[in-house]
Structures are given as structure tokens and as C-alpha cells.
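Work through the exercises below with the sequence and the model open. Each task is followed by its solution.

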Amino acid sequence: MNNHDIAQLLRNIAAAYEILGENRFRITAYQQAADAIAATPADLKSLWQQNKLGDIPGVGSSITGHLDELFRTGKVKHFDEIMKKMPDGMFELLKLRGVGPKTAYKLATILSKHYPKKEDVLEKLEGALTDELIQTIEGFGKKSEQDIAESLKQYKRGILKKKRLLLSEADAIGHEMCAYIQKDPGVTRVDMLGSLRRKKETIGDIDLACVTSDPDDTIHHFVSHPSVKQVVDQGDKGATVLLHNGVQVDLRVSSRESYGAMLQYFTGSKYHNIRLREYALSKGLSLSEHGIKKVGADKILEFP
């Protein structure tokens, strides 16, 4: 199990505790621990082997003990007992947008009764939507049924991908990586780019940029981060790495003189950048991550 899998396990336990009426503080503790683990760039099992699980903020002694059992035996007896009390398919339904623990519990219970021959819970849900069963369930209605149908459609299209991070998770990883890059002697500034800089609700890859006087040394420092599992790409302008928690991080290096242009270029969304380049062309100008120049000219105006 990687960090993402373990974080999801803890979220599932928190959801189960909510169904069972467990103490709110305990539920919150599991949710916070899941967020902290998802945002930890270092491989969790490696931290366990170094007796450093307790160093992760938000992971208390009780959860640390359960994780110790997980790494030693491959399972947690207490978690297994909790999971047995939940209906089949409940945690799969939690992956649908707008479906919380209590809704997932009720749906999974009713779907199992109405469609016992179908094994996959999403197939059962599709059957219930076709039969217009959900709107007849107490506490639901036609609007609820339509919302669930749309969530299922989005999920099947792959819009809600497992690899996408919540903003809070991505922000924590981004800040940790920025702090590490800042330790390189040649670096004078580091920033997050793209959807993370724009504070989107979910984030795919984490994009970073920095000003450095020695690009080669800075890039080498970046790919040497202890949480890097694989160097995907490395060149004289930056590098792409894959962390142990499955998150991809891209770093672009720049001189101070053109850093402002790079920040602008790699912050805007795809369509924002298209419109901005179209506007520049209407003024006889060409816009890039290096700066602005007149169309056809060689000289480029840089912006720090």
C-alpha cells in the first residue's frame, strides 16, 4: 500500500465511524491523519522503518499503532472488524461526488437487497437509476436521483480521477517541495504554478518554478529529494519527478530577468493563455514564457 492507499483506508474508517455514531473528535482525528499522510512526500513505510511515523503532524499514537500493525502483518484487526459492519460497496459509492457516508450506507444496503445477483455496486446503482428506484427511497427524491446519476456519469468518464489531489493535499506537498528547493544556495525565489497557484479545488500534477544562478546545481538538488521515486525527465531548463506517494512534480528554472513572464505564462489556464496570446497578436506582439517581442523581431522584452 502506498501513501494514497493508506490515506484512503483511514478516510474509510472515519466514514464507518460516522455511520456507527463514533465520537466526533475521533472521526476528525482520522480525517486529519488521512490528509497529513496524503500530503507526505516521503514513503510512509520508509518512515515506519525509521520509527518516524510520529513525526507526521496529525498522526497520533493510536493511529501510529494501527499503522505499525498494518506494516508488520499486512492488516489491522480493529479496522477489519469495523469494515465487517459496513454493507458491501459502500466505500465505492463514497467516490461519487456529493455522496457522503450516510447516503452511501443507505444506498449500499438497499442496492444489495434489490439487486443480489449483481456483484458490482456501480452496476447495481445503474440498475436502480434505470428502474427509478432511488427517488422512492425515504430521504431521497427525483432531484437526488438526478444528482447521483450525474455523479456516476462523471465518475465513469474519469473526471474524478484517483490521482487528482484535493487542494489542501497538493498545497502541503507544494510548500514542502518549495522549502526544499529554497535550501539550494543558488535559489533566490520559488513559486507554485498552474492550477495549484490558481487554487483549483483539485490538482493533477504539481508545477513549480524558481529563480536560480546555477540551474544545473538546482535541478540536481531537486531530483535528489529523498521522496523522489523516479526521475521522469531532466534537462537544462527543469525536471519532472515522481514521488513515492504517486504525485508528479515539475520544476522549471529561470533567470531573474524573465521570471515574471514565466510566472504569468505557466499560471494561467490553457484557455486564458490562448486568449492572451490572441490579444498580443492583435497588437502585433508575440507572448511566451520568456517575455514579449514584436512579431518577426528577434529582441525580446523580459520581465522580472
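**Exercise 1: nonpolar cores**

The largest nonpolar core has 53 residues, and L44, L67, L93 and L125 have the most contacts inside it. A nonpolar core is a set of buried Ala, Val, Leu, Ile, Met, Phe, Trp, Tyr and Cys residues joined through side-chain atoms within 4.5 Å; buried means under 20% relative accessible area, exposed over 50%, partly exposed in between (1.4 Å probe, protein chains only). This is a predicted model: local features need pLDDT of at least 70, side-chain atom pairs count only at pLDDT 80 or more, and totals for chains, interfaces and linings use all residues. Residues are numbered from 1 along each chain as its sequence is written, and side-chain values use heavy atoms, without hydrogens and water.

Task: find which helix gives the most to this core.

Solution: helix 1 (residues 3–19) does, with nine residues. Helices are DSSP runs (H or I, at least four residues), as are strands (E, at least two), numbered from the N terminus. A second, separate core of 27 residues includes C178, I181, V241 and V253.

**Exercise 2: a lysine in helix 8**

Task: locate K124 and look for a salt bridge (side-chain nitrogen of Lys or Arg within 4 Å of a carboxyl oxygen of Asp or Glu).

Solution:
1. K124 sits in helix 8 (residues 121–130).
2. K124 is buried and has no salt bridge.
3. The nearest side chain of opposite charge (Lys and Arg count as positive, Asp and Glu as negative; His and the chain ends are not counted) is D88, 6.2 Å away.
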